[in-house]
Each structure stands twice: as structure tokens, then as C-alpha cells.
Amino acid sequence: MKKIGFLGCGNMGGALARAAIKSVGAENIFVFDVDTKKIRDFADETDVNVSDAEYIVLNCDYIFLGVKPQMLKTLFEKVEPIIEDRTTDFILVSMAAGVSTESIAEMAQVDCPIIRIMPNMPVSVGEGMILYTANEFVSKEDLDGFCDAMKCAGVLDKIDEDKIDAASCVSGCGPAFAFMFCEALADGAVECGLPRDKAMLYAAQTLAGSARMLIETGEHPGKLKDAVCSPAGSTIEGVKALEEGAFRASAMNAVKSAYKRTLELGKK
């Protein structure tokens, strides 16, 4: 069984580790984080192995880099001498926004398989979206092992690297936008007299069901929207109000602004 190590185990790293536990078992997961209390609490809850960076770099088959983009250089400065001592094959898995596989290789100062991923928050409940791309050193076996380890996190989709930053601004940033929309729907319901708990349940389930319907039917969202809008009815009146507030333009601008920031982070 392959060993999977996490250098940095924050919210996203922890969510991916939980998904990997379901596939490969906690005994094959090794985690390290500078926040020792957090990592101990995580290990107590999940039974994964608390480790150090040196052990993970020297022994794990898949090494997940769970630090922020601006911290990658510092991380590699610490582990690069350890990487040089490595005598067996390994795969680096980076989740740093905006940082290319080429940049990862330059910082690591080694030609090795690198899988770059962009997961989103719903991986923590097994309904995530994980975009991934790989450099030329990644074999089919490497990718199969990665996909198998992450299969309980949600949907995985391979994408060309020149598209991954734009795609991540939909799937990676999108949950925040969806949460805002859900909250706004619930607020509107509360304003109309519904209790907060019921308003939130109705809004959340409506979003979840609508998303599932889009995926399973394959229909264009505009067609499904039209099917809900009766002539001179309540729904079309609400649609008009959204259009008057530049709803779609605001959503497009949110993705575009996130993309611009992602490119900026990748240059740091």
C-alpha cells in the first residue's frame, strides 16, 4: 500500500487526508504541520500518523504540499537537502494556487513527477471538485494511484495546466459565492417571515437539488430556469429583480476578479 504524506494539514489538507483515509487507511497517512496542537488533535480524531517533514519527504510515495503559495519557497529551502537524499521514487502533489508544475520543480530542484491539484471545500463532505494536471514525469500508474486515494473526496477531472487557474476560480472560489447566494436566499425568506432555520434548510437544499439536476440531466441552465418560470408568475418576477441587480454580471466579475488575483499570487 502506498504511503501518503501531508506537509501542512490545514483545512484543505485535512479534508484531503480524511478522504484518503477512506481509500488507503489511516495507517498509511502521515501528517506534519507547524501547529503541533492542531495536528495532534487531528491525529487523535482520525488515527493518522503524526510525523515530521524529514520522514515524509524520505518515505512517502505521494507528498502533498499543503502550504500557501507564498510559503512554498521557504518549505523547499528546508526540505530540498532531504529530497537529495531520497533514493526511491516519489510524487509531489501541490495544491498551491497559481503555482505551476514548472515552478514547483524549480523550487524542489529535482526532476520528479508532479501533480498539481485544485480541490475545493466540499471535499470535506465527499462532494468536492478536484481539478488536476501533471508534468511529463507522471506515469499512468502515478495518476491511477492519486485518483484512487482521492476517490472519496468527490469528482476528479484532469485539465490542461494553462486552464487550471481559470477553472479553479469556478470550483475553488465558487463555494464562497454559492454560500453567499444561499445566505441571501435565506435572508430573503426571513424577511418574508420564515424562521431562520427553515429558511436556511430550504435555501441549501434548493441549491443542492438544482446542482444535482444540472449534472444528471445535462440540460442548459437557461432551459431549466425557463421551465420554472410560469408566464406572469412569481419566479419570473424574481428573475427580473436579479437581472435589475446585475446578478449574472456580478457573478462573472467575481470569477474574473478571483482569476486576476490567482495570477498575482502565482508570481510571488
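Leaving aside neighbours within four places in sequence, which residues is I29 in contact with?

Modeller: In this predicted model, I29 is in contact with I4, F6, A17, A20, I21, V24, V48 and N49, once its neighbours within four places in sequence are set aside. I29 also belongs to the largest nonpolar core, which has 33 residues. Within that core, the members that touch the most others are I4, L16, I29, F64, I115, I117 and F146. Helix 1, residues 11-24, contributes seven residues to the core, the most of any element.

Turning to the charged side chains, the model has 15 salt bridges. One of them joins R212 and E127, at 3.8 Å from N to O. This pair links distant parts of the chain, 85 residues apart: R212 sits in helix 9 (residues 196-217), while E127 is in the loop between strand 6 (114-118) and strand 7 (128-134). R212 counts as partly exposed because its relative accessible area is 38%, whereas E127, at 54%, is exposed.

Another salt bridge pairs D148 with K151, with the closest N and O atoms 3.1 Å apart. D148 is partly exposed at 36% relative accessibility, and K151 is partly exposed at 49%. K163 and D162 also form a salt bridge, with 3.6 Å between the closest N and O atoms. Here K163 is partly exposed at 45%, but D162 is exposed at 60%.

Key
Residues numbered from 1 in each chain as written. Predicted model: local features only at pLDDT ≥ 70, side-chain atom pairs only at ≥ 80, totals over all residues. Heavy atoms only, no water. Core = buried A, V, L, I, M, F, W, Y, C linked by side-chain atoms within 4.5 Å. Buried < 20%, exposed > 50% of the residue type's maximum accessible area, 1.4 Å probe, protein only. Helix = DSSP H or I, 4+ residues; strand = E, 2+ residues; numbered from the N terminus. Contact = heavy atoms within 4.5 Å. Salt bridge = Lys/Arg side-chain N within 4 Å of Asp/Glu carboxyl O.
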